[in-house]
Amino acid sequence: MKELPKEFEEFSEARRNSFIKVKELKEQGENIVGIFCTFTPVEIIRAAGATAVSLCGTSNEPIIDGEAHLPKNLCPLIKSSYGFALTQKCPNSYFSDLIIGETTCDGKKKMFEYLSELKPVHVMQLPQTVHRDHAYSVWKNEMIFLKERLEKEFNVQITEEKLREEIKKRNEERLVLQEFYSLGKLCPPPLTGYEMKQVLLGSEFTLDKEDQNKKIRNIMDKLKKEYEQGVRNVSENAPRILVTGCPLGGTIEKTVKTIEDSGAVVVCFENCAGVREKARLVDETIDPYDALTDKYLNVGCSVMSPNTNRMEMLSELIDEYKIDGVIEIILQACHTFNVESHRVKNIVAKDNKVPYMRIETDYSQTDTGQIRTRIEAFVEML
Ligand code: BJ8
């Protein structure tokens, strides 16, 4: 087995490291803004001179605390995020001066009502379709409303020049990550999906983005060089899997790790830390608020109805990454992804003639054995 570039370790530690960094930034008087979702226009937060930190709950531990106020049969991501805020166990949440939420799924938007009793929260009212002109106007107004809230909250002015600068920087970040996850197109890929996911998830918690770009470039250079020298870290015969569905952070061991322990390799992640958000850049040539509106309205999340962007992207990815099988991971009680899975199955299995499997799970360990058995049977069949 190869020796991994040392930067891999830093990415897998990124969440923990971000806690220390956020504390330092706070002590230096920086403004911290907590974010949950891919729909958040991070560029506006950064243009306000604030630091955006990820708050998504990926741990099972605070779920029991979250359940003090939230129903048991709710999505684990929502219970975990809320449990962290309630118990003040997550430094990123604790140090946030303001938290940005969006009206995405029902569970999240109702949770934000309780969260606002604990912390200052600004909820963006997200339209649930891209197919109406007024959805565009509503979302653009929400962009401007967020700008005004940040200006008031932090007593700053967000200039067009600064916003354009942040849009450019974030696009650069996306381009580096695009190049990185595109390594999965190689047959066999130069790294496992588990390793790739550590970097993609870690990048959500990395605060110094220039340093992040540099480290990912180093990883890519090393992997490409070794690959050209004939080093192969993954078997050429490993079936190539695309993983889609809900955010994976809290289930990575029992999903991605198990898929790869069963002899397959995950080469593409069609979800929020993966391709879904990064595939599309923000247009740098038009009005920045129009550009951000267009970009973020088109995120192919299942809260959109209909979610045409995701369906089109799935078919393209199956071709581009030469996919042998698709595994969809649904978090317990995520109704939008769960209902949408029937359409996903049809697109994958009927239109693209690729085997499809759907797994519904939470952050607990109770179904680990059952999931392993199902994944092993699926991979065996490929
Ligand atoms: S853009 S996927 S990050 S909403 S919380 S919808 S899993 S029931 S996280 Fe998400 Fe933004 Fe969409 Fe991405 Fe389901 Fe749970 Fe809701 Fe969830």
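Buried area is the accessible area, found with a 1.4 Å probe, that two parts lose on being put together, summed over both. The tour concerns a predicted model, in which local features need pLDDT of at least 70 and side-chain atom pairs count only at pLDDT 80 or more, while totals for chains, interfaces and linings use all residues. Residues are numbered from 1 along each chain as its sequence is written, and side-chain values use heavy atoms, with hydrogens and water left out.

**The two domains**

Select residues 6-161 as domain 1 and residues 163-381 as domain 2; these bounds come from an automatic or database domain assignment. Their centres, taken over C-alpha atoms, are 22 Å apart. Between domain 1 and domain 2 about 4,600 Å² is buried, and carbon and sulfur atoms give 68% of that area. Within domain 1, next select Phe8, Phe11 and Glu43, which lose the most area to domain 2 and together make up 17% of what that side buries.

**Across the interface**

Contact (heavy atoms within 4.5 Å) links 58 residues of domain 1 with 53 residues of domain 2. The interface also holds 4 salt bridges, each defined as a side-chain nitrogen of Lys or Arg within 4 Å of a carboxyl oxygen of Asp or Glu. Select arginine 164 and glutamate 160 to see a salt bridge whose closest N and O atoms are 3.0 Å apart.

**Where two helices pack**

Now display α9 (160-181) and α14 (288-297). Helices here are DSSP runs of H or I with at least four residues, strands are runs of E with at least two, and both are numbered from the N terminus. The axes of α9 and α14 lie 10 Å apart at an angle of about 35°; axes are lines fitted to C-alpha atoms, for helices over the stretch in contact, and angles run from 0 to 180 degrees between N-to-C directions. On the α9 side, the contact residues include Glu160, Leu163 and Arg164. Those of α14 include Pro288, Tyr289 and Tyr296.

**Backbone features in the loops**

Select proline 188, in the loop between α9 and α10 (193-203). Proceed to proline 306, in the loop between α14 and α15 (308-320), where a cis peptide bond with omega of about -5° joins serine 305 to proline 306.

Two residues with positive phi complete the tour. Alanine 333, which is not a glycine, has phi near 65° and sits in the loop between β7 (325-331) and α16 (335-351). Lysine 353, also not a glycine, has a phi of about 55° and is found in the loop between α16 and β8 (356-361).
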